[in-house]
Amino acid sequence: MATIEECRAALGKLSDNMRGAEGEVRSAAALERSVSCHITDLDVTFTGRMTGGRIEVDDTHPGPPREKAQIRLALAGDDLVALVDGGLNFATAWGSGRVRLEAGLLDLFRLRKLL
């Protein structure tokens with residue numbers, strides 16, 4: 001089972017990957033939105049903002065998200081690490097219910113380029 005520190009590092013790596021993206025992926029990463037990532041097996045939530053082509057984690061707290069972020073992700077810690085490292089395909093994980101992504105319709109269309 002991934003630890004909180006490993007999940008935070010995976011979010012940092014995802015942020016770095018977004019920052020280095022080009023073309024359509026870079027434009028998708030340029031959203032300015034509130035973000036939450038609930039790690040279901042650890043029952044911890046990372047909250048922050050997607051801004052300037054990066055994800056900035058501002059807070060970590062126990063339990064599910066306290067407020068409804070504009071972009072919400074929920075998954076197990078091992079799945080987060082595997083997604084970021086390329087060992088798990090997002091579409092497959094999302095289709096099987098291992099990953100939940102919630103956002104407004106227009107944001108979902110833009111985010112699909114990232115994932």
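A residue counts as partly exposed when its relative accessible area falls between the buried limit of under 20% and the exposed limit of over 50%. In this predicted model, Asp-16 has a relative accessibility of 45% and is therefore classed as partly exposed. Its salt-bridge partner is Arg-54, with an N to O distance of 3.1 Å. Asp-16 belongs to helix 1 (residues 4-19) and Arg-54 to strand 3 (residues 54-62), so the contact ties together parts 38 residues apart in sequence. Arg-54 is also partly exposed, at 22%.

In total, five salt bridges were counted. A further one joins the side chains of Asp-107 and Arg-33, at 2.9 Å from N to O. Asp-107 sits in helix 5 (residues 105-111), and Arg-33 sits in strand 1 (residues 33-39). The pair therefore ties together parts that are 74 residues apart in sequence. Asp-107 is buried, with a relative accessible area of 9%. Arg-33 is partly exposed, at 22%.

Glu-102 and Arg-72 form another salt bridge through their side chains, with N to O at 3.1 Å. Here two strands are involved: Glu-102 lies in strand 5 (residues 99-103) and Arg-72 in strand 4 (residues 71-75). The two residues are 30 apart, and the pair links distant parts of the chain. Glu-102 is partly exposed, with a relative accessibility of 39%. Arg-72 has a relative accessible area of 17%. The buried class covers values under 20%, so Arg-72 is buried.

Definitions and conventions:
Residues are numbered from 1 along each chain as its sequence is written. This is a predicted model: local features need pLDDT of at least 70, side-chain atom pairs count only at pLDDT 80 or more; totals for chains, interfaces and linings use all residues. Side-chain values use heavy atoms; hydrogens and water are left out. A salt bridge is a side-chain nitrogen of Lys or Arg within 4 Å of a carboxyl oxygen of Asp or Glu. Helices (H or I, at least four residues) and strands (E, at least two) are DSSP runs, numbered from the N terminus. Buried means under 20% relative accessible area, exposed over 50%, partly exposed in between (1.4 Å probe, protein chains only).
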